[in-house]
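Thank you for asking me to look through this structure with you.

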Amino acid sequence: MTTYVFFVGGTGARVLRSLVMLLASGVEIGANNKIVPIIIDYDMQNGDLKEAKDLLNLYNRLHNTAAYASGESGFFNAAIEMRDYSMANIKGDGDRDTFAKYIMYSFLKNDKELAPTAALINALYDDSPQDSPSTELNLEMSVGFKGNPNIGSVIFNDYFNDRSYGYQDFVSEFGDGSRAFIVGSIFGGTGSSGLPQLVKKFRQEGEAGSGNSTALQHAPVGACVVLPYFNVNKDAKSAISSDTFNSKAKAALTYYATEINSKLNEIYYIGCTGAGQPYANHEGGEAQKNYAHLVEVLSAMSIIEFIRRDDRDIPNKDLTGTPECYEYRVQHGLLNKNGRDELKPVSYLDILGLKNDDEKSIYHRYVRHLNAFAYFVKYCLDFTFSGKDSGMFGQSYYKSLGKYITGGQFGPELKDFEERFVRWTKELGDNSQLRFDPYDFSQELDYLVHRDENKAKAKDIKDTIRLALANGSKEYKSEPDSAGKIFLHIGSQAGIEAADR
């Protein structure tokens, strides 16, 4: 089964980053399932988007190296298949760099017959000078819609009408048995305008090549509606203000209730009160690169939940009722320090520290894999890539793996991904809005996972991983051309053994 996942705007890009991390750790999406990502943004220079794209490309190269057979599990197992239309940069040309130019406002205003239309537009949109943060008609759009969904919704139609963006290619490929899922925030500009437009378009009647297909019209469609979950610094010169986030979200939810919800099968609502220190106020571009946030991790989990859902369990199949709605809420474990909400490591949101043997549990499906990957990453960075496992008395696995670690493409790429994983977890722990701090990579292996506030020790983790890697030495020797694949397979087993210990 193929699930086409639309990541809309900056929040969509940040959720994609967390999704890639979850899948890299071996979190499963179901046998023979695959994801086709479709990333839609006006601001392709966005720092969050660049990070997600780089990570996605790196993931796919390691996934291809791992080459798992059907039914196997392990790190980088899930298939994320890119398409020519996976990156949709909705962008006007230089002659349409403001909203007024985009809709040819001057032409409308100077034409006698069209003057009433211009007057209506003038009544609907603010005509302040371009340097005013409240302007709409003169909004400079090089980095997106700057929190203005009323502008974004007009321009977003280009995605459906301009064939270069690939929407028709997606429709033509979408077949019976496929699913679609949309991720976006409803308190900004791009996500707020794109999410409802996509839902309505999917459900329009038609045939491929004329705007839609019957398969898409009746397919299971889900959405992760990301509510306000951070604040930004006040800036009188910026068009973005946290003061409007909640009002925009409330207005969007009211609209969704009457126009959108009934067209969906499942909706996931995830947000967070904007406690703590606000983010820097960047309207877009390379400077817009927020720290990873727990809300993005939970949003990524909602995608996996939707994909794993059995066809028989899909709600509102005939689209005549109401969708299944899921909300995430937690209070236990919040600790206020110096006016900032933090999560006590012992709580792990009441889910990450609770281990049980139920295969449907959050621990078994997510946390066990994350812990396994964290242990593997820590071991690789401290011993494998540092060279401590080499030398005259080096470990047997390292001697067999040889040049694949120190040279070629595989070793440097795996190290690059692992360093990005460490940075991602550190950002979650250092986030100024809400801390989520499951790992401490500055500690020794046995103290890596925060099990309680005293960082209780797990015994013999290093030897557990090293022994598992050593047991694979014969495989390296028998299949030297598949050393990278074998290392990932055995590393996955080693990580799980360490996590279970």
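Which residues does Ala 483 touch, not counting residues up to four places away in sequence?

1. The residues that Ala 483 touches, with those up to four places away in sequence set aside, are Leu 401, Tyr 404 and Tyr 476. Please keep in mind that this is a predicted model. Ala 483 lies in helix α19, and because its relative accessibility is 1%, where buried means under 20%, Ala 483 counts as buried. Its C-alpha is also 9.3 Å from that of Thr 65, although 418 residues separate Ala 483 from Thr 65 in sequence.

2. As for the chain as a whole, it has 19 helices and 10 strands, and buried residues make up 56% of its 501 residues. Of the contacts between residues at least 6 apart in sequence, 75% join residues that are at least 24 apart.

3. Helix α19, which covers residues 483-500, is paired with helix α17, residues 461-470, and the axes of the two come within 9 Å while crossing at roughly 150 degrees. That angle makes α17 roughly antiparallel to α19, and the crossing is right-handed. On the α17 side the contact is made by Ile 461, Thr 464, Ile 465, Ala 468 and Leu 469, and on the α19 side by Phe 487, Ile 490, Gly 491, Ala 494, Glu 497 and Ala 498.

4. Helix α13 runs over residues 362-384, and its 23 residues should span 33 Å at 1.5 Å a residue, which agrees with the 31 Å between its end C-alpha atoms. Because 19 of its 23 residues are buried, α13 is largely enclosed by the rest of the structure.

5. One partner of α13 is helix α16, residues 410-430, and the axes of α13 and α16 come within 10 Å and cross at roughly 120 degrees. The two helices are therefore oblique to each other, and α13 passes α16 in a left-handed crossing. The α13 residues that meet α16 are Leu 370, Phe 373, Ala 374, Phe 376, Val 377, Cys 380 and Leu 381, while those they meet in α16 include Leu 414, Phe 417, Phe 421, Val 422 and Trp 424, with Lys 415, Glu 418 and Glu 419 also among them.

6. Helix α1, residues 9-24, has 16 residues and reaches 23 Å from its first C-alpha to its last, close to the 22 Å expected at 1.5 Å a residue. It is mostly covered, as 16 of the 16 residues of α1 are buried. Gly 26, which follows α1, has a positive phi near 100 degrees.

7. Two further backbone angles deserve a look, given that most residues other than glycine have a negative phi. Asn 32, which is not a glycine, has a positive phi of about 65 degrees; it lies in the loop between α1 and β2, and at 62% relative accessibility Asn 32 counts as exposed. Ala 67, also a residue other than glycine, has a positive phi near 45 degrees. Ala 67 is found in the loop between α2 and β3, and at 40% relative accessibility Ala 67 counts as partly exposed.

Key:
Residues are numbered from 1 along each chain as its sequence is written. This is a predicted model: local features need pLDDT of at least 70, side-chain atom pairs count only at pLDDT 80 or more; totals for chains, interfaces and linings use all residues. Side-chain values use heavy atoms; hydrogens and water are left out. Helices (H or I, at least four residues) and strands (E, at least two) are DSSP runs, numbered from the N terminus. The expected span of a helix is 1.5 Å times one less than its number of residues. Buried means under 20% relative accessible area, exposed over 50%, partly exposed in between (1.4 Å probe, protein chains only). Axes are lines fitted to C-alpha atoms, for helices over the stretch in contact, and angles run from 0 to 180 degrees between N-to-C directions. Angles under 35 degrees count as roughly parallel, over 145 as roughly antiparallel, 65 to 115 as roughly perpendicular and the rest as oblique. A crossing is left-handed if the near helix is turned anticlockwise from the far one by less than a right angle, and right-handed if clockwise. Contact means heavy atoms within 4.5 Å.
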